Amino acid sequence: MKAITYAEYGPPEVLKLQDVARPSPKDGEVLIRVHAAEATKSDCEMRSFRFSVKWFWLPLRLAIGLRKPRRPILGGYFAGVVEALGAGVSGYSVGEAVFGSASLKLGAYAEYVALPASFAITAKPANMRFAEAAAVPLGGLNALHFMRLAGIKAGQKILIIGAGGSIGLHAVQIARAMGAEVTAVDSTIKLDLLRRMGAVHVIDYTRENFADAGRTYDVVFDMVAQTSFAACMKVLTADGTYLCGNPRLSIMLRSLWTSRFTRRTASFAFARESRAELEALRDMIEDGRIRPIVDRVYPMEQAAEAHRRVETEQRLGAVVIAIDESAG
């Protein structure tokens, strides 16, 4: 089978399209013929081994390879079709269109991937093409996790920092669906997209500091590792909720202190990526509360270009690699 592989850490050019052995499903696994996979910021960070948050550098290095990657095929989020089932697997049928997460097992940058049936994998939304569906699990699962954690109520005001990324764009839509008034912070080129996704107010961080806008919020959701914690506290109501999806170690410590000694709640708990949450997202997609957010779709031969597009931070939505030409 064809797969996009890498044998060393480095720039996008280390990605190579090669023939590799096709996996077979073990007991408890499902074999999926991949049609599309999202090229994520995490994929780019693992490929280059350069991370925006530094505190987990050593644990990750030990996990994914000290001198070279242990798992030569990237790709954590995908859409495809069930090809075969391992012994003991139920809840899936051969030929079923699915989407989901490969978690840290990765491997979705290939024509086939074998994954535990217990992973967050479920039927693809009927109103999305494969490329659109592949762009949902990363952003959607994380956004749904944090919006539920915030306990958003209708009429509340939420500030989303880094709203133009995959997680942020889903958070804008989910928060809006929950009845919140959304203020989105990102760069100039993403403001129109954020308005279309449902943001009532937008702030261009290249021209204005959100902390100086004179507004306060019931919820602050921060996806930018470099954001000032003090600035977030400045705009948060006295009993508001602060959520950080990309925390530095100092933010984690200050969040714990804030939750313990003030009326505010501060959290950096990471998404579990469950099948039930993915099914909830599918329902939101099929009833129109979440729209597809795809910037560009690249063929497998242009995987390096896809990674470069992600790294420019100029994308308007998700970047997807079409593993199958029919992905759309």
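Helices (H or I, at least four residues) and strands (E, at least two) are DSSP runs, numbered from the N terminus. This is a predicted model, in which local features need pLDDT of at least 70 and side-chain atom pairs count only at pLDDT 80 or more, while totals for chains, interfaces and linings use all residues. Residues are numbered from 1 along each chain as its sequence is written, and side-chain values use heavy atoms, with hydrogens and water left out.

I begin with a helix pair. In α1, Lys 41, Asp 43, Cys 44 and Arg 47 meet His 307, Val 310 and Glu 311 of α10. By class, the residues of this contact comprise four charged, two nonpolar and one polar. Helix α1 (residues 41–48) and helix α10 (residues 303–311) pack at an angle of about 110°, their axes lying 9 Å apart. Helix α1 is therefore roughly perpendicular to α10, a description that covers angles of 65 to 115 degrees. Axes here are lines fitted to C-alpha atoms, for helices over the stretch in contact, and angles run from 0 to 180 degrees between N-to-C directions.

I turn next to the sheet. Two strands pair if DSSP finds at least two bridges between them. Six strands, in the order β10-β9-β8-β11-β12-β13, form an open sheet with parallel pairing. At its edges stand β10 (201–204) and β13 (265–267), each with a single partner strand, so one side of each has no neighbour in the sheet. From one strand to the next, the twist averages 15°. Within the sheet, five bridges join β11 (residues 217–222) to β12 (residues 236–244), and Val 220 stands opposite Tyr 242 in β12.

Which helices lie on these strands? Helix α4 lies across β8 (157–161), β11, β12 and β13, at about 155° to β12. Helix α5 (residues 166–177) also packs on the sheet, touching β8, β9 (181–186) and β11.

How enclosed is α4? Twelve of its 14 residues are buried, so α4 is largely enclosed by the rest of the structure; buried means under 20% relative accessible area (1.4 Å probe, protein chains only). Among them are Leu 141, Phe 146 and Met 147. Just after α4, Gly 151 takes a positive phi of about 60°.

Finally, strand β5 (residues 97–101) is likewise largely enclosed, because four of its five residues are buried. Antiparallel partners of β5 are β4 (residues 77–85), through five bridges, and β7 (residues 121–123), through three. Val 81 stands opposite Ala 97, and Val 98 stands opposite Ala 123.

Technical notes: Buried < 20%, exposed > 50% of the residue type's maximum accessible area, 1.4 Å probe, protein only. Parallel < 35°, antiparallel > 145°, perpendicular 65-115°, else oblique. Contact = heavy atoms within 4.5 Å. Nonpolar A, V, L, I, M, F, W, Y, C, P; charged D, E, K, R; others polar.
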